[in-house]
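Here's a quick tour of one protein model, written for someone just starting out. Keep the structure open beside you and look up each residue as you go.

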Amino acid sequence: MKRKNIGIGAITLIIAGLMISSAVAIPTAEDTTESIEIKIEKIEGVKQRLEMNSAPVSVPLKHVSKTVGDPEFFYEGDQIHPAFGTDPTGQYLAAYRDEEQEQITWTYSNEDGVYYDVGGDYPSIKLWDGSRFFGTFVCDYMDLDGGATYLFETTDPTDFEQYFLTYWDWSGHGWSDMTDIEIAVDNSQEDWEWGFNALIASTTYTDPAINDGPFIHYQTAEDGYATISWYNDIEGCEHVDGAIDKVTADTYAVYDWPGEGTWGLFVRLDDFDDWDADGAAYTLDLGSNVKSPAVAANNGNIVILAETDENGNKDILCLYGNDVEALESSYVSMGSGDEMYPDIRYVEDTTFICTFVEDNTLYTSITEDAGATWSAPSLIEENVEEEYKTADITDFASEVMYEVDNGDDLDIYRAPLGGGTEVPIIEIKSISGGIGVSAVITNTGTADATDVDYTITATGGILGMINKEATGTLSSIAIGAEETITLPMLIGLGKVSITVTADIASETVEGTQILVYTMI
């Protein structure tokens, strides 16, 4: 691949489960509640920061054709490292590395796709809200020396014209050789505050230089300024995962790192409400090699999974609790083979679901007590490729995408999980006129909706004399139920435009106002 120089932004420095029966043996555990000693040390160092503005990527999208059918993504060469997000309606956004093209393909179906000619690997996707997704990926080492952080965004995954990619080029300040990245998002702040990236890269900006260090990256201003932040004296990391607790706004970035003789974990805690707050960072020594972490959090419950060789072979270890300084441990599974590459998502209340691979087979397990105990593993698929990021659980924990070895090459399959979250889906069923305007709002989802905000606006008429609005909140809409909202009588003449918004649903219709009667 030819080395590209895409551009440099303005820079400012600052100091700082489907249960499938099979003859394959399912891994069992003698006692998954067994615990181990965890040595937790709080780092007293000060977090460092560098800030710069973003620059739009000028490389145009390119279309690729796909073969419709099963598996989800199947055509010449290997399709690997899936990233998988889903909105409340079930519409997905996916990305994966295509080895034949040496690019990351972004798509919403198995019929079409697009890519940016910037290379990269290990894509990551998360749903922000509604149908707005954000994503990222590991910057190719031939692209700005692997020293840029990319941000993908779309508000409509079914419209390629609504796919946007921006980046921050840190290579001018010594960043290079990114090896892993994961995005975590939350919609509790301003629209431009999408979340953060947890990443592993190297830099000569520091003295001494940091090789394979743990960094986080987040936007700090609406005009595109963003910050990359780190703690000194931590390096040698290989894998990372990140999460935002949507109730407490705490952010977690978890890395594996060499430690003192054995691989341990480095955990960074920050406040999404206030990135300038002190935050905290910890090293975790578990007395054995612990690698490939995955993390999820909700309402103060932290659940971290990782591989451990405590018992000779590799098992999936769980660290859980309400405080990083007081984590407890359990086992997800302690099978006879090597269990590796865990992924985890929050489901609801204190329920979390995970996947992992053993003997080229993908399994899932569920905890209903925030990590203290886990269900017996259930088989999802055989012939799964055993490699890092071979599988990705979607938003709402309803499905999983994963790599399968079909003999000739690797393809990506898709399967339901047993822990999918029930969600309300608000739709505008109809808008009608008469003396005033009325709209029927319905809940077509799988859970009751509460506190549904709505707005009806009418504008237009001769000389723009019609300008009226009604707002309110529906306290609840049961599954399958309907509610009618109204805008009182309008007075005027001429064309009128009426917009109804309820939750994230919105619809606009055109009509004609004849004195006090609205025709739609």
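The protein exposes about 21,000 Å² of area, and carbon and sulfur atoms supply 46% of that. Accessible areas here come from the Shrake-Rupley method with a 1.4 Å probe, and for residues only the protein chains shown count as cover. You're looking at a predicted model, where local features need pLDDT of at least 70 and side-chain atom pairs count only at pLDDT 80 or more, while totals for chains, interfaces and linings use all residues. Residues are numbered from 1 along each chain as its sequence is written, and side-chain values use heavy atoms, with hydrogens and water left out.

**The big picture**

- The secondary structure comes to zero helices and 40 strands. Helices (H or I, at least four residues) and strands (E, at least two) are DSSP runs, numbered from the N terminus.
- Of the 520 residues in the protein, 57% are buried. Buried means under 20% relative accessible area, exposed means over 50%, and partly exposed is in between (1.4 Å probe, protein chains only).

**Salt bridges**

- There are 15 salt bridges in the structure. To count, a side-chain nitrogen of Lys or Arg has to be within 4 Å of a carboxyl oxygen of Asp or Glu.
- Lys 389 pairs up with Glu 182 in a salt bridge, with the closest N and O atoms 3.1 Å apart. This pair links distant parts of the chain, 207 residues apart: Lys 389 sits in the loop between β29 (378-381) and β30 (391-393), and Glu 182 sits in strand β14 (residues 175-185).
- Lys 389 and Glu 182 are buried. They also belong to a network of salt bridges that links Lys 126, Asp 180, Glu 182 and Lys 389.
- Asp 392 forms a salt bridge with Arg 345, and here the closest N and O atoms are 2.8 Å apart. Asp 392 is in strand β30 and Arg 345 is in strand β26 (residues 339-348), so to speak distant parts of the chain, 47 residues apart.
- Both Asp 392 and Arg 345 are buried.
- Arg 414 and Glu 399 make another salt bridge, with 3.0 Å between the closest N and O atoms. Arg 414 lies in strand β32 (residues 410-416) and Glu 399 in strand β31 (residues 399-405), so the pair ties together parts 15 residues apart in sequence.
- Arg 414 counts as partly exposed because its relative accessibility is 31%, whereas Glu 399 is buried, with a relative accessible area of 16%.

**Surface patches**

- Patches are made of residues with over 30% relative accessible area and no salt bridge; like charges are joined within 9 Å, and nonpolar side chains (Val, Leu, Ile, Met, Phe, Trp, Tyr) within 5 Å.
- Look for Glu 41 in strand β2 (residues 39-42). Glu 41 counts as exposed because its relative accessibility is 54%.
- There's a nonpolar surface patch too, with about 1,300 Å² of accessible area together; among its members are Ile 435, Leu 463, Tyr 517 and Met 519. Strands β39 (505-515) and β40 (517-519) each supply at least two of the patch residues.
- Met 519 is in strand β40, and at 42% relative accessibility it counts as partly exposed.

**Residues that meet across the sequence**

- Val 357 lies in strand β27 (residues 351-358) and counts as buried, at 0% relative accessibility. Not counting residues up to four places away in sequence, Val 357 touches several residues, including Asp 338, Leu 362 and Thr 390 (contact means heavy atoms within 4.5 Å).
- Glu 328 is in strand β25 (residues 328-333) and is partly exposed, at 46% relative accessibility.
- Ala 481 lies in the loop between β36 (466-477) and β37 (482-487). Leaving out residues up to four places away in sequence, Ala 481 touches Ile 441, Thr 442 and Asn 443.
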